[in-house]
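User: Can you walk me through this model? I'd like the layout and a few contacts.

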Amino acid sequence: MNMQQFWRRRPNASALMLLAIVVGSLPLWVKSSYLISTGIFVGISAILTLGLCLLMGYAGQISLGHAAFYGIGAYTSAILTVRSGLNPWLAILIGIIVTASAAYLIGLFIFRLSGHYLAVATLGLGIIVYLAFGEFRELTGGPTGLPGVPRLAVGGFVFDGDVEYFYLVWSVVIVFLVLSLNVVNSRVGRALRAIHGSEAAADSVGIDSSRHKLQMLVMSVVFASVAGSLYVHYMRFVSPQPFDFTASVRLVVMAAVGGLASVWGALFGAAAVILLTVVLREFLPLVVRDASGEHTVIVYGIILVVIMVLMPEGLTVGLLKSIRWPSFKLKT
Amino acid sequence: MHNYGIGDYLQLILSGISTGSIYVLIALGIVMIYNVTGVINLAQGEYTMLGAMFAVTYYSWRVPLLLAFLASVLTVTLIGMLIERLTVNPVRSASAVTLIIITVGVSITIRGIALLVWGSTPYFLPEFTGGAPFSILGAVMSRQRLWIVGTAGLVLLLLYYLLDRTLLGKALRACAINRQAASLMGVGPAQMSLLAFALSAALGAVAGIVIAPLTLVTYDMGLMLGLKGFVAAVIGGLTSAPGAVVGGLLLGVLESLSAGLISSGLKDAIAFLVLLVVILALSKKVVGRLKGRRMTK
Amino acid sequence: MAILQVENLTKTFGGVVALDDVSFEVADHRITALIGPNGAGKTTLFNVVAGTYRPTRGAVRLAGQNLNGLQAPDRVRLGIGRTFQNALLFDNMTVIENVMVGRHPRSRCGILSSAFQLPSKRREEESIFLEAMRYLNLVGLAMDSNELAAGLPFGQRRLVAVARALATEPRLLLLDEPAAGLNTMEKMDLVVLIRRIQEMGITVLLVEHDMALVMQLAEWIIVLDHGRKIAEGTAEQVGKDRKVVAAYLGQEEP
């Protein structure tokens, strides 16, 4: 086998092109503003889930508090643009630096822990950050939030309407997908999979586990921060509510549904969960009287349990295995 | 900063002890399940909520309070066993991540079903005995707090008796210490797992019923309680029952003191701050123990 | 010059003394064998040399450099490679990927150059791939490069592990019971392979129970029993040593 054959086994390039075409043409035949808006949330969630899959699937670290980084990115953008009138793009960059540094410091301590303790620590951190968002009123606007976040603009062009924002978000999704795929199919990606396979053996070939896990943490957190910034510049408002423990759980659901160690799975998981939520919100009231959006929560829970019990590698792998996709390899 | 008298401090500490007792019960449930099955049950708080809810429901059907209490504990115990059979038993060999996610899923599902069945309006349970709040040395406390501490104490005694003096309890402990050896001795891990879940559900339910009169009973009251009970268990080392007792009481008192003396907004945050401090402090020891030979010794 | 110097090495686990004041040298380019009855502390010694365990007392030197305090991954970079008794392959990857991981300490591309697919990354990936194929060829498994490691038969798993360790370009290769579970044919191939490794300039230190293999290959033998070194020398010298015989027969030394 030569190098060409080795690389040709990657269907990623074609999949990316397909995605770009689908996403690019979507606003042309979907006119409903509600659906476009949903598409924006799918995109933002995809970015978040992508980061989480890299962290949980490749670096093998559980995070039950990922929404905190999402929130820090969001609040940094909001606070800097609203209170200091800073250029939004600069604020996004600062958000990235803040979250990355915080994650790096946290990672230094937290990666000494394993399994359960790590999960619990991330849970605790997530909740503390969420509570902090509500506590420091002068800075964050407290529980009622901070309105007046400006729109994003490049030169004279303002990302005003839903369609423009949809394209913006999905461009970011595609860029991050490419970056993730590049990292996964590289020396770093192999090192991570090695750590996952056997830490003892990874040590024996000179892989510094902590360093790589830390790098993945920082990468996943940068994704979350950007997602947060995109979120606030769309909603033009920030409050603590979307960054609570339930939000972190929802992210884990999306990652689990898609398949933890799968880049494409992250996209699929985010889309599946959000679309399901939307569908349930429309149809559940017809089946169960007095049902509200809160009742979709039950379905989250049931899905989560069913999937983890029956298909722990996630829906992507589970489904593909069940239709007996022949050359499917878990390397996506 | 106004002057606090002995009475104020005492009040904070005593109310902290009573809240702490709740955390102790929840923490014990978590420790038990973890010891016997290795699962971290993040859904533990939901048993507390269910206990309170069922008690309220039975009481509203004009069942006398004591019977409602027992019936509720029984109901929740059965639910706990059902959950074990459905979600934990089939995947006992799954990875830690998978198991934790499953318990999170269970917790969400229970909360959602509770919302469906009972709605989002808060419910009330009367105090077990009527009467004016009593006072000790200037500290004024509701009588229910005595019930809380008393019930918790009684439950602890019963638990101790069960674990230490009965064959079943010893089997449970054996399983917790060494699952393989226990199964070789004829103790079935599946039955022990079921028993552990049953007992934990019961403990949680008791906690919920006993605190119900002092708080609003809502479908989502279990989340925070469960998480805090969890923190208490971790403070105690996650595998130790006496540790859970210390952890729960300590957490309750810390919470009460900081809420009273510093800021009430801090109340929820305290638990998690303590959690982080404890985890970091334990981390070297913990990593060494959990990772065993992997760590450079 | 000795590539490896073990000086007064002691390792205790709680009350158990796994290694007791062990000292020996491994000469450069020689094939040295570490033998002894079960529980003698051979794998423990490997673990200390490789950096997985920290010694309670004593030192390990690689080409004169004291390794104390250096973690396992750092020692790999300095030139210590090892295999494990049960291969410890990355079952979640293919054979070629397993060996490519072995190139990790000799390659550099990090997250940024990988993420942005810089030309330096592409070049390095190509070289990693080619080098990995070379090592697979050396152990004779180039044909199975795309197989998932999990599906390989036992003997082949061993070979992949050796290829992976070789890919780290070690100066000293620690082989932990490479012949265990192999049939006669495979053992013959193993002898040839180890001699080839020696020709490549790599010093081999192996732990082995198969005495015939040891006698055939080893130019120097060190014997451990209950954590202590009880003998060392050529195959002939060690074979005649009464202490060694006693240790294997389980008798008390007279």
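Analyst: Here is a chain-by-chain look, with questions welcome.

User: What should I know before we start?

Analyst: This is a predicted model: local features need pLDDT of at least 70, side-chain atom pairs count only at pLDDT 80 or more, and totals for chains, interfaces and linings use all residues. Residues are numbered from 1 along each chain as its sequence is written, while chains are lettered from A and ligands numbered from 1 in the order in which they are written.

User: Start with chain B. How many helices and strands are there?

Analyst: Chain B has 11 helices and two strands. Helices (H or I, at least four residues) and strands (E, at least two) are DSSP runs, numbered from the N terminus. From the N terminus, the order in chain B is α-α-α-α-β-β-α-α-α-α-α-α-α.

User: What is the radius of gyration of chain B?

Analyst: Chain B has 19 Å, which agrees with the value near 19 Å for a compact globule of 297 residues. The radius is taken over C-alpha atoms, and the globule rule is 2.2 Å times the number of residues to the power 0.38. Along the principal axes, the C-alpha atoms of chain B fill a box of roughly 55 × 50 × 40 Å.

User: And how much of chain B is buried?

Analyst: Buried residues are 47% of the 297 in chain B. Buried means 20 or more other C-beta atoms within 10 Å of the residue's own; exposed means 12 or fewer, and partly exposed is in between, with C-beta atoms placed from the backbone.

User: What about contacts in chain B between residues at least 6 apart in sequence?

Analyst: Of those contacts in chain B, 75% join residues at least 24 apart. A contact means C-beta atoms, placed from the backbone, within 7 Å.

User: At what angle do H6 and H8 of chain B pack?

Analyst: Helix H6 (residues 167–177) and helix H8 (residues 189–211) of chain B pack at about 105°, with axes 10 Å apart. That makes H6(B) roughly perpendicular to H8(B). Roughly perpendicular covers 65 to 115 degrees; under 35 is roughly parallel, over 145 roughly antiparallel, and the rest oblique. Axes are lines fitted to C-alpha atoms, for helices over the stretch in contact, and angles run from 0 to 180 degrees between N-to-C directions.

User: Which residues make that contact?

Analyst: H6(B) brings B:Ala171, B:Leu172 and B:Cys175. H8(B) brings B:Pro189, B:Met192, B:Leu195 and B:Ala196.

User: Switching to chain C. What is its secondary structure?

Analyst: Chain C comes to 10 helices and 10 strands. Its radius of gyration is 19 Å, close to the 18 Å from the globule rule for 254 residues, so chain C is as compact as a globular protein of that length. Its C-alpha atoms fill a box of roughly 70 × 40 × 35 Å along the principal axes. Buried residues make up 48% of the 254 in chain C.

User: What is the strand order in the six-strand open sheet?

Analyst: In chain C the order is S6-S7-S8-S3-S9-S10, with mixed pairing. Strands S6 (80–82) and S10 (228–233) of chain C stand at the edges with a single partner strand each, so one side of each has no neighbour in the sheet. Two strands pair if DSSP finds at least two bridges between them. Twist from one strand to the next averages 20°.

User: How do S3 and S8 of chain C run?

Analyst: Strand S3 (residues 31–35) and strand S8 (residues 203–207) of chain C run parallel, joined by four bridges. C:Ala33 has C:Leu206 of S8(C) as its bridge partner.

User: And the four-strand sheet, in what order?

Analyst: That open sheet in chain C has the order S2-S1-S4-S5, with antiparallel pairing. Its edge strands are S2 and S5 (65–66) of chain C, each pairing on one side only. Eight bridges join S1 (residues 2–13) to S2 (residues 16–27) of chain C. C:Leu4 pairs with C:Val26 in S2(C), and C:Leu9 stands opposite C:Val22 in S2(C). In their hairpin, with two residues between the strands, C:Gly14 takes a positive phi near 60°.

User: Last one. Is A:Val273 buried or exposed?

Analyst: A:Val273 counts as buried, with 26 C-beta neighbours inside 10 Å. A:Val273 is in helix H13 (residues 263–287) of chain A. Not counting residues up to four places away in sequence, A:Val273 touches A:Val253, A:Met254 and A:Val257.

Note on methods: Two residues are in contact if their C-beta atoms, placed from the backbone, lie within 7 Å.
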